[in-house]
Amino acid sequence: MTTRSAEHATLVIERRLKAPVARVFRAWSTPEAKRQWFACHGEWAPLEYRLDFRPGGTERNYVADSEGLLHAFDAHYIDIVPDTRIIYAYEMKLGERRISASLTTVAFEADPEGTRMIFTEQVVFLDGYADNGARLQGTEIGLDNFELFLEREASPIH
C-alpha cells in the first residue's frame, strides 16, 4: 500500500546572463536550441524530445539514466509573453511512478550587461519521494548548461 503525501518546496534561481533578452528567450523557445542544453546529466541516454512552444503547447523530455530507469518530464505551457516570461506546469516520473508536479515561471529582464533571468519553481513532491535537494541541484546544472550554450552560441567558432 502506498502512503500518500505531498511535500511542497519553492526554488528560486537568479542568473545574470551576458546575452540580450531576445537571444536568451530564443534559447528557451526553439526546439533545436533547447534540446542542446535542457539536461542535467549529460551521460544519460536521450529517448524522446519534443517542444510545441505556445500557450496550450507541450514539451516532453524522456531520458534513461545509467541504470536504464526512465526519467520523464511532461510539461504544458500556460502563459508565454515573448522576451518577458514563460509559465508552464510539469510532472516528473521515475519509471511509471509520478514523483512531483510543478508550476514554473521563467522571467526575463534587460540588464546593462545582458539579461537578468529569474527561474521560480513551486514543486510538490509526491507520496514519500525523498528529493533531498536533487531537484535544486539538477536545475542548477541545467541552468549552468544553459549559460554554456549561450556562450557557445555567441562564440565565432563553434
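Mentor: Let us start with a definition: two strands pair if DSSP finds at least two bridges between them. Helices (H or I, at least four residues) and strands (E, at least two) are DSSP runs, numbered from the N terminus. Here strand β6 (residues 97-111) and strand β7 (residues 114-126) run antiparallel and are joined by 12 bridges. Asp111 has Gly114 in β7 as its bridge partner.

Trainee: What should I know about the origin and numbering of the model?

Mentor: This is a predicted model, in which local features need pLDDT of at least 70 and side-chain atom pairs count only at pLDDT 80 or more, while totals for chains, interfaces and linings use all residues. Residues are numbered from 1 along each chain as its sequence is written, and side-chain values use heavy atoms, with hydrogens and water left out.

Trainee: In what order do the seven strands form the open sheet?

Mentor: Strands of a sheet pair through backbone hydrogen bonds, either parallel or antiparallel. In this model the order is β1-β7-β6-β5-β4-β3-β2, with antiparallel pairing. β1 (6-17) and β2 each have a single partner strand and stand at the edges, so one side of each is left without a neighbour in the sheet. From one strand to the next, the twist averages 15°.

Trainee: Is strand β3 (residues 58-64) mostly covered or mostly open?

Mentor: A residue is buried at under 20% relative accessible area, exposed at over 50% and partly exposed in between (1.4 Å probe, protein chains only). Strand β3 is mostly covered, as five of its seven residues are buried. Six bridges join β3 to the antiparallel strand β2 (residues 45-51), and Tyr49 is partnered there by Asn61 of β3. Between β2 and β3 the hairpin has six residues, and Gly56 takes a positive phi near 90°.

Trainee: At what angle do helix α1 (residues 21-29) and helix α3 (residues 134-154) pack?

Mentor: Axes are lines fitted to C-alpha atoms, for helices over the stretch in contact, and angles run from 0 to 180 degrees between N-to-C directions. The angle between α1 and α3 is about 120°, and their axes are 11 Å apart. Contact means heavy atoms within 4.5 Å; the residues making it include Trp28 of α1 and Phe146 of α3.
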